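Dear colleague,

I am handing over the structure below, together with a written account of what was found in it. Please read the two side by side.

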Amino acid sequence: MISRTPTQNDFVATMTGDLPGDKLGAVLMHEHVILVDPELEINRPQEWNEAEGLNRAVTDLQAAHERGIDTIVDLTALGLGRNIPRLARIAARTDVNIVVATGYYTWRDLPLWAKRFGCKGSLDDLLTQMFIDEIRSGIADTGIRAGMLKCVTEKYGLTTDVERILRAVATAHIETGVPISTHAHAGTRRGLDQLRVFAQEGVDISKVVIGHCGDSSDLDYLRELADTGASIGMDRFGMQLGPLLEERVATVVRMCELGYSGHMVLSSDYGLHTRMEQEYLDNLQPGHRYSYVPEVVVPRLISSGLSQEIVGVMLCTNPRRILCGTRQGGPEVRS
Ligand SMILES: [Zn+2]
């Protein structure tokens, strides 16, 4: 493992070492590889078949690579069943670069261990230190370092624990320069709450991606987010949730026409789950894969009038600017 820090100019930490920005290629900015609850895995082993799961993950990643995807950001932070040693076995078998995330995923509360730690010392310091350690030293003795910070704000809003995580993520970002990517409930415009907290903490807003913006077709909300300098994640293509494909594509096209191509990233928020959940999802959304964006979405964007260049801005230029240490200069690309 190269010992460069991920904050140095134009490099990003990946599962297989630090990658120069010009090797990132086309990036899906909000994906998962495996989301399996560790407690369920231990107590209901029939819900997960390791060999089958790993093979399917590799197959799905390779299919996307054949369609032109070079890198994914796996936003499976703690709270979603992150397992970095398992992920390393997948990363070794795929040509897709995988950037992993630190942070914590919860809609309302931190788990019991965090409450109990609160009796002994500052939980805020513990969270911040955990995130910084995972960026600087690596995760679970693997030496694999996080290249992204993740946090969540659901319809329940800024609960005590959610706000605590957001502020710890902000502090870790300021300390390390690593960007922030969020899950934000679009229907309640939670991205604006997140940006308020980040601004209070002094976060570089150009390094923030507000997630799940594609769940909204409310251009006022999307423009308000992007006007702060943040990027917005049009990141659930292929999911049978909220607006369907045509509407999601139309929103991206309209935002490009309004001059916001420099503020959008594309993704599908795909990942493998426990067997029972996977069977349900496969039936519900049969085409949902990492390859959905290059295979289905990009051709629709082009046939709707966007140029290859503008699609490249959303798939390559913006991710590189967000993930790597330096901001790529030059004027904003307008359609
Ligand atoms: Zn996600």
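Predicted model: local features only at pLDDT ≥ 70, side-chain atom pairs only at ≥ 80, totals over all residues.

To begin with a question: is Asp235 buried or exposed? Asp235 is buried, with a relative accessible area of 2%; buried means under 20% relative accessible area, exposed over 50%, and partly exposed in between, with a 1.4 Å probe and protein chains only. Asp235 is placed in the loop between strand 9 and helix 9 (245-257). Its C-alpha atom lies 11 Å from that of Val252, and the two residues are 17 apart in sequence.

Residues are numbered from 1 along each chain as its sequence is written, and side-chain values use heavy atoms, with hydrogens and water left out. Helices (H or I, at least four residues) and strands (E, at least two) are DSSP runs, numbered from the N terminus.

Eight strands form an open sheet in the order 3-4-5-6-7-8-9-10, with parallel pairing; two strands pair if DSSP finds at least two bridges between them. Strand 3 (27-31) and strand 10 (264-266) are at the edges with a single partner strand each, so one side of each has no neighbour in the sheet. On average, neighbouring strands of this sheet are turned by 30° against each other, direction ignored (axes are lines fitted to C-alpha atoms, for helices over the stretch in contact, and angles run from 0 to 180 degrees between N-to-C directions).

Strand 5 (residues 97-103) is mostly covered, as seven of its seven residues are buried. In a regular strand the side chains alternate between the two faces of the sheet. Here Asn97, Val99, Ala101 and Gly103 point one way from strand 5, whereas Ile98, Val100 and Thr102 point the other way, and all are buried.

Strand 5 pairs in the parallel sense with strand 4 (residues 71-74) over four bridges, and Asp74 stands opposite Val100 in strand 5. With strand 6 (residues 148-153), strand 5 pairs in the parallel sense over three bridges; there Thr102 stands opposite Leu149. Strand 4, helix 3 (residues 84-91) and strand 5 also make a right-handed β-α-β unit, where right-handed means that, with the strands pointing away from the viewer, the path from the first strand over the helix to the second runs clockwise.

Further along the sheet, strand 8 (residues 208-210) and strand 9 (residues 231-234) pair in the parallel sense over two bridges, with Val209 opposite Ser231. His212 lies in the loop between strand 8 and helix 8 (219-226). Although His212 is not a glycine, its phi is positive, at about 65°, and at 2% relative accessibility His212 counts as buried.

The zinc site

Which residues coordinate the zinc ion? They are His30 (NE2), His32 (NE2) and Asp269 (OD), at 2.1 to 2.2 Å. Donors are N, O and S atoms within 2.8 Å of the metal (3.2 Å for Na, K and Ca), and water is not among the atoms, so sites may look incomplete. The spacing of the donor residues in sequence is H-x1-H-x236-D. His30 lies in strand 3 and Asp269 in the loop between strand 10 and helix 10 (275-284), so this pair ties together parts that are 239 residues apart in sequence.

His30 counts as buried at 3% relative accessibility, and Asp269 is buried as well, with a relative accessible area of 8%. Asp269 has a positive phi of about 55° although it is not a glycine.

Pocket and cavity

The largest pocket has a volume of about 750 Å³. Of the 36 residues that line the largest pocket, the closest to its centre are Arg236, Met239, Asp269, His273 and Glu277. Helix 10 gives the most to this lining, with six residues.

The structure holds one cavity of 30 Å³ or more, and the largest cavity has a volume of about 70 Å³. Asp74, Arg82 and Leu87 are among the residues that line the largest cavity, and helix 3 supplies the largest share of that lining, four residues.For these terms, a 1 Å grid is laid over the protein atoms alone: a cavity is a set of points where a 1.4 Å probe fits but cannot get out, a pocket is an open set with protein on both sides within 12 Å along at least five of seven lines, and lining residues have an atom within 4 Å of a point. Grid points are joined across faces, edges and corners, and a volume is the space filled by probe spheres set on the points.

With kind regards
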